[in-house]
Amino acid sequence: MLRISLKALACALSLSVAGLVQAEPIIIKFAHVVADNTPKGQGALLFKKLAEERLPDKVQVEVYPNSSLFGDGKEMEALLLGDVHMLAPSLAKFEHYAKAIQIYDLPFLFDDLAAADRFQSSPEGKALLTSMEDKNITGLAYWHNGTKQMSANKALREPSDARGLKFRVQASRVLEEQFKIVRANPRKMSFAEVYQGLQTGVVNGTENTWSNYESQKVHEVQKYITQSDHGLIDYMVITNTKFWRGLPDDVRSELAQIMDEVTIEVNRQADELNQKAKRTIAESGKSEIIELTSAQRAQWREAMRPVWKKFEDEIGVDLIKAAEAANQL
Ligand code: LMR
């Protein structure tokens, strides 16, 4: 009798302990390298807000902007180790995990963000989101930042103006080639080091979106920014596959729904945020903004396009064709 009631007590205790364990919210650490007032920064904060509103007591999202938890170079490893649960690296930062994703770095690939959208929502674009699951990385969404501009302490109007300059690039071989082909010297550098790298002259040029220039004050250490729109900075929001699949079904499906809603909002606002940043830079008077003529832009396109050939085997000719097709409505 006594044995039975002890057993019952133990059972009741373990149930209440399980209940307590379940009551602990799941912590989701979301780290990124940019400022809060950028498309990605805003997206991460909106994801936190909606997740905590709709899954109260179940989920808590901690957002770490500005490389404050992990920066470039460390964040992927941290995701795989489970030290962080969500990241949104620029699409230029996946070359060690999926060669096909290098497609997004090809210069002058998309005519505009709408074309990038069409490709990302095509079967080929969506397949890239799940292409790293064998490496324990699941892509949940694409988020836009926007088109890249080029800057230096020298006015960049024609490809020959870039000759001999030292450009900071993201960790991407395609981007290295893009600058080598105009006889400039690319240098891979993490995002957190860009301002100092330019200030101290380790590099004297770079490329990025208006929102990244403005929020990092890069325009204060670059005399000229050329509106070249020569490439794309977009993101893949990623999570650790095992972590994601291990979430309770109701939590995972609600988070996936929230991610879809946040994606629509990020992509709706991205261009607006970049145009606002461009105006702030123009008004600051710190950096002169150069608008290219269509003939000058055509020269850059012609100079940089041969980069495609070099990477077409790694990326896949059919994938490149599918992306180009997205330029036609
Ligand atoms: C960069 O490193 O220049 C960007 O990819 C940073 C970012 O995440 O927008």
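## Exercises on packing and pairing

In strand E9, Ala152 has Tyr224 as its bridge partner. Before we start: this is a predicted model, where local features need pLDDT of at least 70, side-chain atom pairs count only at pLDDT 80 or more, and totals for chains, interfaces and linings use all residues. Residues are numbered from 1 along each chain as its sequence is written, and side-chain values use heavy atoms, with hydrogens and water left out.

**Exercise 1. Describe how E9 pairs with E5 and with E11.**

Step 1. Helices (H or I, at least four residues) and strands (E, at least two) are DSSP runs, numbered from the N terminus. Two strands pair if DSSP finds at least two bridges between them.

Step 2. Strand E5 (residues 149-152) meets strand E9 (residues 224-227) over three bridges, in the antiparallel sense.

Step 3. E9 and strand E11 (residues 288-291) run parallel and are joined by four bridges. Here Thr226 stands opposite Ile290 of E11.

**Exercise 2. Work out the order of the five-stranded open sheet, and say which helices pack on it.**

Step 1. The order is E2-E1-E3-E10-E4, with mixed pairing.

Step 2. Strand E2 (59-64) and strand E4 (137-147) each have a single partner strand, so they stand at the edges with one side left without a neighbour in the sheet.

Step 3. Inside this order, strand E1 (residues 26-31) and strand E3 (residues 86-87) run parallel, joined by two bridges. Ala31 has Leu87 of E3 as its bridge partner.

Step 4. Helix H2 packs on the sheet and touches E1, E2, E3, E4 and strand E10 (232-240). The direction of H2 makes about 165° with that of E2. These angles run from 0 to 180 degrees between N-to-C directions, and axes are lines fitted to C-alpha atoms, for helices over the stretch in contact.

Step 5. Helix H4 (residues 113-120) also packs on the sheet, touching E4 and E10, and its direction makes about 165° with that of E4.

**Exercise 3. Characterise the packing of H2 against H10.**

Step 1. Two packed helices are described by the angle between their axes and the distance between the axes.

Step 2. The axes of H2 (residues 39-54) and H10 (residues 249-284) come within 9 Å and cross at roughly 150°. That makes the two helices roughly antiparallel (under 35 degrees is roughly parallel, over 145 roughly antiparallel, 65 to 115 roughly perpendicular, the rest oblique).

Step 3. Contact means heavy atoms within 4.5 Å. Among the residues making this contact are Leu46, Phe47 and Leu50 of H2, and Leu255, Ile258 and Val262 of H10.

Step 4. By class, the contact of H2 with H10 has 12 nonpolar, four polar and four charged residues. Ala, Val, Leu, Ile, Met, Phe, Trp, Tyr, Cys and Pro count as nonpolar, Asp, Glu, Lys and Arg as charged, and the others, Gly among them, as polar.

**Exercise 4. Decide whether Phe47 is buried or exposed, and list its contacts beyond four places in sequence.**

Step 1. Phe47 lies in H2 and, at 1% relative accessibility, counts as buried (buried is under 20% relative accessible area, exposed over 50%, partly exposed in between; 1.4 Å probe, protein chains only).

Step 2. Leaving aside neighbours within four places in sequence, Phe47 is in contact with Phe30, Val61, Met86, Leu255, Ile258, Met259 and Val262.

Step 3. Glu261 is 214 residues away from Phe47 along the chain, yet their C-alpha atoms are separated by 8.8 Å.
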